[in-house]
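Here is a set of exercises to work through with the model open beside you. Try each task before reading its solution.

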Amino acid sequence: MAHDHPGDHDHGQAPPADIALRVKALESLLVEKGLVDPAALDAIVDHFEHRVGPRNGARVVARAWSDATYLERLRGDATVAIAELGYSGGQGEHMVAVENTPTLHNLVVCTLCSCYPWPVLGLPPVWYKSAPYRSRAVIDPRGVLAEFGTELPADVEVRVWDSTAEIRYLVIPERPAGTDALDEAALAALVTRDGMIGTARL
Amino acid sequence: MGGMHGLGPVAPEPDEPVFHADWERRTHALVIASPTRGNIDAGRHQRELIPGPEYLRITYYERWFAALREMLLKGGVVTPAEMASGRADPAAPKATPRLAPEAVAPALARTGSYLREAAGKPAFKVGERVRARNLHPVGHTRLPRYVRGHVGLVESHRGSHVFPDTHAHGAGEDPRPLYTVRFTARELWGPDAAPRDSVSLDLWEPYLERA
């Protein structure tokens, strides 16, 4: 399935060409009615393209790896511990950190819609919001992981977290071996978005 | 759709952009800035009202756009005539204060809460066995079909949270105790599932009964 050109999505069907015009028409109407300000829309877009994203979550993970007292605070109240690093807001109101270990792997999904921890990971990728991921992550997490190139040994337990309420889960991957000498910034550079969703191991 | 087969492979896109088109940017921003923004559950419910075949055929942001239009009409924010013509009716009300550009950053960084004070004690304790009730409400619910009738263990009590089944319909927040409940993969999917794997869900007390 082609999924490498703009406008494509989870089932290979391009949206109707007039959607761009229809969105523009609705924006114009709401602006004309004084209900939205185009500059506010620009600011919202800027926030999601530039202010939030997986680099935020990576800083949380790197701090948890390098500071045992921070890890304790993250375990105690992840929302507060994450806010210490300046990340807060909608879709991050009730954060819970779940930690991978050599014998436990965590995977996060929202089978009902597309719930995702925006302040630490930004907006979810298309595949996370797609019917294939939403349907299969709960029944075949090992198959989904294998498609992402992550083969889990049978003795590693898989725990799937279906975000059905306003709790948002952040996976804390295992710290890779041989990284003792790295500082927090270098550690953060090792942390991937998929590692924090749980579809990859670092 | 949790647990359904046949919906195809997961298709990650390398170096995926945040948005794939400008209309997606504007749709996302409109949903956040529009006067309908106050009730997340109503928005989710509106997207669920898209008929199944249509829901699967259209893209994610087409769903958002379709639901936004419906919410604006339902809420009386935009009249059908305005929606059809694209022109504002000078006689139509515009009472809602709009989100100002300088208010965007504070609004997006503000951590609200779905936690509420609730009367009474939670009915279930951590470690207790509970069954997800076999409920099939016509309206909005956050009880996935794939756990209904199945038995799990209460892992945590998360306090009382806004109850989506009422909130989505404008029937109040009606906060109810929220629990994280863990179901073994074998309980949900049968004997072929991996023996130690599990799925945890956040479920409100009315979804559960003692098992």
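Two residues are in contact if their C-beta atoms, placed from the backbone, lie within 7 Å. This is a predicted model, in which local features need pLDDT of at least 70 and side-chain atom pairs count only at pLDDT 80 or more, while totals for chains, interfaces and linings use all residues. Residues are numbered from 1 along each chain as its sequence is written, and chains are lettered from A and ligands numbered from 1 in the order in which they are written.

**Exercise 1. Describe chain A as a whole.**

Step 1: start with secondary structure. Helices (H or I, at least four residues) and strands (E, at least two) are DSSP runs, numbered from the N terminus. Chain A has 11 helices and 4 strands.

Step 2: take the dimensions. Along the principal axes, the C-alpha atoms of chain A fill a box of roughly 55 × 40 × 30 Å.

Step 3: look at the contacts. Among contacts in chain A between residues at least 6 apart in sequence, 69% join residues at least 24 apart.

Step 4: look at burial. A residue is buried if 20 or more other C-beta atoms lie within 10 Å of its own, exposed if 12 or fewer, and partly exposed in between, with C-beta atoms placed from the backbone. In chain A, 52% of the 202 residues count as buried.

Step 5: divide the chain. Domain bounds come from an automatic or database domain assignment. For chain A this gives domain 1 (19-49) and domain 2 (55-197), and 32 Å separate their centres, taken over C-alpha atoms.

**Exercise 2. Where are the side chains of strand 4 of chain A: buried or exposed?**

Step 1: count. In strand 4 (residues 167-172) of chain A, 6 of its 6 residues are buried.

Step 2: sort by face. In a regular strand the side chains alternate between the two faces of the sheet. A:I167, A:Y169 and A:V171 lie on one side and A:R168, A:L170 and A:I172 on the other, and all are buried.

Step 3: find the neighbour. Two strands pair if DSSP finds at least two bridges between them. Strand 1 (residues 94-99) of chain A pairs with strand 4 of chain A in the parallel sense over 6 bridges, and A:V96 stands opposite A:Y169.

**Exercise 3. Follow the meeting of the two chains.**

Step 1: size the interface. Here 72 residues of chain B are in contact with 75 residues of chain A.

Step 2: ask which element of chain B gives the largest share. Helix 1 of chain B does, with 10 residues.

Step 3: classify the residues. Ala, Val, Leu, Ile, Met, Phe, Trp, Tyr, Cys and Pro count as nonpolar, Asp, Glu, Lys and Arg as charged, and the others, Gly among them, as polar. The side of chain B that touches chain A has 38 nonpolar, 16 polar and 18 charged residues.

Step 4: look for strands that cross between chains. Strand 3 (residues 157-162) of chain A and strand 5 of chain B run parallel, joined by 4 bridges. In strand 5 of chain B, B:S200 is the bridge partner of A:W161.

Step 5: examine helix 8 (residues 131-139) of chain A, where 8 of its 9 residues are buried. Its cover includes strand 3 of chain A, and also helix 8 (185-189) and strand 5 of chain B.
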